[in-house]
Amino acid sequence: MVYVGMDHGTTGISFAILEENGDVREVFKISREDSKKGLVSAIEEIEKRVSLSDIKLMMVTYAMGDGFNTIKPMSEVKDRGILSIGGAGKVTGGGTSVYSEIENSDISVLMIPGLHKDSECLDPLFRAAYSHHASPEKVSISYNAYLETGWENMIVADLSSNSVDLLIENGCIKGAVDACCGAMGIVHGPLDLEMIRDIDEGRRTANECFSHAGAIKIAGVDNKVAFMKQDLLDLYEKGDEKAVLAIDTMIMTVSMEIAGLIAVSHEEIEGIVLTGSMGSMKKPVDFEAGLNRYLKNKYPIRIISSESGAIGAAQIAKDISEGKREIMGIKVEL
């Protein structure tokens, strides 16, 4: 028997297959665009690697996950677990088709909620401050970070198309800052005054602003989401001044957000975990070194797999199958 985790990411949909002993058998990704166009089937890709009847449990993350607040069977989650598709970045439809495939399969599937104002695990102050904190894969990323490090008190920084940082205290998720509120990612970022004016004056929608508010805004990069990171890194390697400024600014905003979460923690932070396609990168950008310039080497930093969202989801599936009924402070309802 095996366990499968799915990470509904910005640029693609990743799957991890976990053996009964906890070893990762394989991680693979399918393109959102290919899925939307019917060029690839998620179920067929899974079947190439494992018999569906051998999957004991699958754990899925999908979109914002703001329509529910406990881990529960997919069949019991209404409206795919989201209140609205608005304000969620670029919508391609690729994730929707994958969801439908899995929903119509015979696989036993649970869904992970996002972190939002109704998430009971969060500190009441965070719940009061923000309506939304993080999408569901941040929960599975945090679980993978928890298992990899053994740290009960840490900051988990997922840095990729967007940047989301989470505060973990005593093994529970207590706070997080969503991409539209805090640090820059490659593509997405916070809405500043200029963007608010653009929205009010009808020049751009809020979602258009959000989807061009990351480092690409500074570097002047504009392409399909799947290609923006590489475009930016190519310019960075060539020493392009705007690209260098963009990456340096992204590092600064991430450092500022992490420092803010450390400041409001009630516990002594044991370390910082970096993940995501940028967070786990060493070349051409060394995010660990960049963060340490600001954090003065005060905290141990651990880098985990850029596929920690899918891996962590599979690990959650395994542990729930073995009887666990709470994940990072989030209740499991079966």
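Q: Which residues in α5 meet which residues in α13?
A: Contact means heavy atoms within 4.5 Å. Here E137, S140, I141, Y143, N144 and L147 in α5 meet S308, G309, I311, G312, A313, Q315, I316 and D319 in α13. Helices (H or I, at least four residues) and strands (E, at least two) are DSSP runs, numbered from the N terminus.

Q: What should I know about the model before we go on?
A: This is a predicted model, in which local features need pLDDT of at least 70 and side-chain atom pairs count only at pLDDT 80 or more, while totals for chains, interfaces and linings use all residues. Residues are numbered from 1 along each chain as its sequence is written, and side-chain values use heavy atoms, with hydrogens and water left out.

Q: At roughly what angle do the axes of α5 and α13 cross?
A: Axes are lines fitted to C-alpha atoms, for helices over the stretch in contact, and angles run from 0 to 180 degrees between N-to-C directions. The axes of α5 (residues 137-149) and α13 (residues 308-321) cross at roughly 75 degrees and come within 7 Å. That makes α5 roughly perpendicular to α13, a label for angles of 65 to 115 degrees; under 35 counts as roughly parallel, over 145 as roughly antiparallel and the rest as oblique.

Q: Which residues of helix α12 are buried?
A: Buried means under 20% relative accessible area, exposed over 50%, and partly exposed in between (1.4 Å probe, protein chains only). In α12 (residues 287-295), the buried residues are F287, G290, L291, N292 and L295. Their cover includes β9 (154-159), α10 (241-264), β12 (271-275), α11 (276-279) and β13 (301-303).

Q: What caps the N-terminal end of α12, and what comes just after the helix?
A: The cap is D286, with a side-chain oxygen 3.2 Å from the backbone nitrogen of E288. Just after α12, K296 takes a positive phi of about 60 degrees.

Q: How many salt bridges does a search of the whole structure find?
A: Side chains of opposite charge can pair when their charged atoms come close. A salt bridge is a side-chain nitrogen of Lys or Arg within 4 Å of a carboxyl oxygen of Asp or Glu. The search finds 14. In one of them, R49 and E26 meet at 2.8 Å, N to O. This pair links distant parts of the chain, 23 residues apart: R49 is in the loop between α2 (42-47) and β4 (55-60), and E26 is in strand β3 (residues 24-31).

Q: How far from buried K72 is the nearest side chain of opposite charge?
A: For charge, Lys and Arg count as positive and Asp and Glu as negative; His and the chain ends are not counted. K72 has no salt bridge, and the nearest side chain of opposite charge, E333, is 4.1 Å away. K72 lies in strand β5 (residues 72-73). Not counting residues up to four places away in sequence, K72 touches V77, L110, M111 and E333.

Definitions and conventions
A polar contact is a pair of N or O atoms within 3.5 Å; within protein, one must be able to donate a hydrogen and the other to accept it, and residues adjacent in sequence count only if both atoms are side-chain atoms.
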